[in-house]
Amino acid sequence: MHKPLPLQCISLNFRGIQYAQAMLFAIEEINNSTDLLPGISLGYKIYDACVFIARGLTVALALANGNELVFAPSEAPCTRPAQVQAILGGTFSSPCMAISTVIGPFHVPLISHLATCACLSDKTKYPSFLRTIPSDYYQSRALAQLVKHFGWTWVGAIRTNDDYGNNGMAIFTETAQQLGICLEYSVSVFRADPPDKIQKIVDIIKASTSKVIVAFLSPTELYLIIHELSHYNLTGYQWVGSEAWIFDSHTAAMDRHHILNGAIGLSIPKAHVSGMREFMLDVKPLKASSKKLFTELWETLFKCKFEQSKSSAVNQSECTGHEDLTGVQNSFTDMSLMPLFYNVYKGVYAVAHALHRILRCNQTCNNKVQLDPFTILQHTRKIQFKTKEGDDVYFNENGDPAAKYEVINWQPTENGIVDFVTVGLYDASLPADKQLNLQNKSLTWAQNSQQVPLSLCSEKCPPGTRKVLQKGKPVCCYDCLRCAEGEISNITDSITCVRCDPEFWSNERRDACVKKEAEFLSYEEIMGALLTAASLSGTFMTAVVAFIFFRYRQTPIVRANNSELSFLLLFSLTLCFLCSLTFIGRPSEWSCMLRHTAFGITFVLCISCVLGKTIVVLMAFRATLPGSNVMKWFGPAQQRLSVLGFTLIQVVICVLWLSISPPFPFKNLKTFNDKIILECALGSAVGFWAVLGYIGLLAMLCFILAFLARKLPDNFNEAKFITFSMLIFCAVWLSFIPAYVSSPGKFSVAVEVFAILASSFALLICIFIPKCYIILLKPEKNTKKNMMGKGSQNNSESLK
């Protein structure tokens, strides 16, 4: 059943005629098929809405109500009512929304080949709408992924101010925000906008810093923008386009200033339908359908007039009807939009397959089945079939087909024609990380550059820094702040710096944690080597003194003050010098326990010997008084017992300290940020200070007694030298306490070693060097007579 197309549009729409041709091709295939709807011929009515919503609504209502007269060839009369069971068409989203809203209550299926607005997937508002082109819900998300893939995080956006552009850009904006992409500006344009609004958009682009423009535009609005941009020679922008214009050869031809060169975007996958191109260029089936339409099309194509034409121009050739169409190059003969023609083809077949099911066709169809639009709608939603080209056709629960796109790149050729090169694919049915697949092809960018352009509000923050947002600006605008000491960031564009583990520290670049250097007083370093040398020197000097005393043990100066205590004192001084070595080297469990206890016991032994010698001096001169018999109370046995007793007290303190809370090796991570101080923790601070306090107590007692004996009559009064040595000893240890507390790390250990060595040298030099001087250099003074001086013989004998 055929009805001519009443043309009331301003101009002939080649695109509309091509879509009608595609529908006729599909209907003719079906009517000639013995497998699909055998014995059934599909009829059709063709209208041109001329892109006007009001005219589209009028046409849709006329089709839904069946009010139009039906012209049918006499040889094939229609056997069905004139009411239309399905409507194919609706080139733009806004007309489809209006039409679907109006015919929705009638349940007449509206199948669009080009309306992409995601809003049309809402079945509560548009229950009878179906389409053979993917929803912009997927295209907008795919465009956002494409922008993210090339690292563009600072972009501008332009959209058509209609349902197509506004809804598509809204989804793109939402997805872009999720992917970390910021829009510097987002403006809308419509073909009816005044020039000053177009100028404002151009001014926004000129003032922007982003180099990428996402254009969700129809070709008409895009031409308005690029035409205005050409006045200012605003090239060099990277355009990212939607399917409405990215594969449109007419748009490429209109871009005479090459503003869009290098554009990249998404297109409906290329398609090839065998026989469709030849059918569409034949035009003869159209002549059979509508003589008036054929006449106007022919006159427009060949710029001629038929005789029956009411108006004819002067010197205009007459149409014969046999002109050769193969030599004509215009938008009608352009088959670049074959994917859209294929969508029309699939829509026709979808209705045919639904009818095939409803009529329960096998070799013949049941003509008695009563057809109604609602039944056809329900079956059309559920159909699934393969075209003759092998492509699957089906609709999801929203009436949308599978979302697949080709990534198209505009690559200009030598002759100035743009080549639409497929450089990738997008398949929404795949997992998110595999949906976008770019092929290993060379891409052309803006201004024919081979380098991917940059479009960033701020440069990427390198490892070792973190992003700090700029106040009042989008999240893509930030400053790069260097990580603090002890913190790192080992990735680009890190938003935080991570603190290193306690035993690690950040390197100079702040992009990696390095193990902290372990620090302790080592033998290898200068300070450790000097202290070791001092310790060994003191030990050697003590051994030399001991040898001298042993060699001259029978001389009066050696025998004058209990030679047994002198040798015991030299032995304890040797231990004092050697115990300082336990403080040098890497701390271990045993060295930590040994260093403080050995130091405490040896020093008490040393001070006990000095104390014994001091008491002997006092007792000796006390014994010269008439009737005094004190020496029998502090003879050699008592002297040994006193040294043993004083030493045992320190041993008990050390045993209790080691039993309750002994010193242990400890990693000090707080004193220095970039070092680990290996030291010996005291365990019990009470134990440590008890050991030092007991040594100090004995030293003060010894100093007081020596001070009292300093003026006793004798040419060689040992009490004077003991007093001086104790004075130095006490001064060293009193200064040790603040120095020890305030010294960091290994220096506190060095202070303690220095105090041990200094006090040991003080005792050795002050007590024994004067005697060695007399023994070796002044032997004439090493006599009993000289030693006694003004004192009595009894004094000398009591000191032995």
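Are Trp-410 and Phe-420 buried or exposed? In this predicted model, both residues are buried. Their ring centres lie 5.5 Å apart with the planes at 70°, so the pair is classed as edge-to-face. The pair links distant parts of the chain, with Trp-410 in strand β11 (residues 404-412) and Phe-420 in strand β12 (residues 418-427), 10 residues apart. A further edge-to-face pair is formed by Phe-688 and Trp-689, with 5.0 Å from centre to centre and 75° between the planes. Here Phe-688 counts as buried because its relative accessibility is 2%, while Trp-689, at 36%, counts as partly exposed. The structure holds 20 aromatic pairs. One aromatic cluster is formed by Phe-25, Phe-279, Tyr-342, Tyr-345 and Tyr-349.

The largest nonpolar core comprises 82 residues, and those with the most contacts inside it are Leu-37, Val-240, Ile-264, Met-276 and Phe-341. Helix α12 (residues 338-358) gives the most to this core, contributing 14 residues. When residues up to four places away in sequence are not counted, Phe-341 touches Gln-18, Tyr-19, Ala-22, Met-276, Met-280, Asp-334 and Met-335.

Two or more lining residues come from each of the elements α12 and β10 (392-394). Helix α12 gives the most to the lining of this pocket, with 4 residues. By class, the lining has 10 nonpolar, 3 polar and 7 charged residues.

Backbone geometry was also examined. Most residues other than glycine have a negative phi. His-107 has a positive phi, near 60°, and is placed in the loop between α3 (93-103) and β2 (110-112). With a relative accessible area of 31%, His-107 is partly exposed. Arg-360 also has a positive phi, near 50°, and lies in the loop between α12 and α13 (373-382). The relative accessible area of Arg-360 is 57%, and the residue is therefore exposed, given that the cut-off for this class is over 50%.

Terms used
Residues are numbered from 1 along each chain as its sequence is written. This is a predicted model: local features need pLDDT of at least 70, side-chain atom pairs count only at pLDDT 80 or more; totals for chains, interfaces and linings use all residues. Side-chain values use heavy atoms; hydrogens and water are left out. A nonpolar core is a set of buried Ala, Val, Leu, Ile, Met, Phe, Trp, Tyr and Cys residues joined through side-chain atoms within 4.5 Å. Buried means under 20% relative accessible area, exposed over 50%, partly exposed in between (1.4 Å probe, protein chains only). Contact means heavy atoms within 4.5 Å. Ala, Val, Leu, Ile, Met, Phe, Trp, Tyr, Cys and Pro count as nonpolar, Asp, Glu, Lys and Arg as charged, and the others, Gly among them, as polar. Rings of Phe, Tyr and Trp (its six-membered ring) pair if their centres lie within 6.5 Å; planes under 30 degrees apart count as stacked, over 60 as edge-to-face and the rest as tilted.
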